[in-house]
Amino acid sequence: MAKVDMMGIISEFFAGMGNSLTIYNEVSLQFKLGEFIEKKLGGSYRADFERGVRFYPVSGVGYKKKDFTKKELDIFIYCVDPSFDRFAIEVKYPRGGNVKRMKDFVKDIKFMEEVSDILGIDAYCLTLVSNHRYFEPRLNDSYTGKFPTLVRFFRTGNTAASVEGIVPSPVNFGAGKRVYRRMTLKNGYDITWNKLVDKNGAPIIQTDGNAKDEVYCYLIELKSKTTSRD
């Protein structure tokens, strides 16, 4: 059985759509990407959405929901034949400019790290943003003082950065209180923002009406070390 190049398929999803890709929120991204992958792989492959993480049985491995940071997979790609590769994909597309959402970026990475380690399947994190506050360095930004560690992983502009180790994640700010919950990543993952444009450099993501956003994205692959279905 030929090995599935999921990174290539996800990249093809954007490249092959030209100017006809309408994504107006995170849910539309989730469903259109899942349907594209299902059609691309064909055969008995299926794309499930918001599938509970315990849906996937692992022979000889016992685990509980508490072993995972989240309970459901945004996209689960599988085949009824257990000898075929299976994949988990988390997607993010925040439409506002609240940089507190960066904690959700890290949460997705940690979740996919757990899925890859425990379930033994390849996992991916795809994040799209249209607000420059998520990726442009802002030396005088007031948020930098609140989230110095969190911000530096993502506000890198055209420079790649690695998110790794213990990441302080903001939980709540109010009445002068700052509450953090730490998330620890086992490995480091490069965050490289790429502008989604066609061959002529024009934006390809259409949102509401005929408007087209200038959208940037990063894609992370977490390869399983425990499963091989060659």
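1. Strands E3 and E4 (residues 87-92) pair in the antiparallel sense, over 3 bridges. Pairing requires at least two DSSP bridges between the strands. Strands are DSSP runs of E with at least two residues, helices runs of H or I with at least four, both numbered from the N terminus. Ile77 stands opposite Phe87 in E4.

2. This is a predicted model: local features need pLDDT of at least 70, side-chain atom pairs count only at pLDDT 80 or more, and totals for chains, interfaces and linings use all residues. Residues are numbered from 1 along each chain as its sequence is written, and side-chain values use heavy atoms, with hydrogens and water left out.

3. E3 also pairs with strand E2 (residues 45-52), antiparallel, over 7 bridges. Here Ile77 is the bridge partner of Ala47.

4. How much of strand E3 is buried? The count is 7 of its 8 residues (72-79), so the rest of the structure largely encloses this strand. Buried means under 20% relative accessible area, exposed over 50%, partly exposed in between (1.4 Å probe, protein chains only). Across the 230 residues of the protein chain, 45% count as buried.

5. Asp122 lies in strand E5 (residues 122-129). Its relative accessibility is 8%, so Asp122 counts as buried. Its side chain makes a polar contact with the side chain of Lys223, at 3.0 Å. A polar contact is a pair of N or O atoms within 3.5 Å; within protein, one must be able to donate a hydrogen and the other to accept it, and residues adjacent in sequence count only if both atoms are side-chain atoms.
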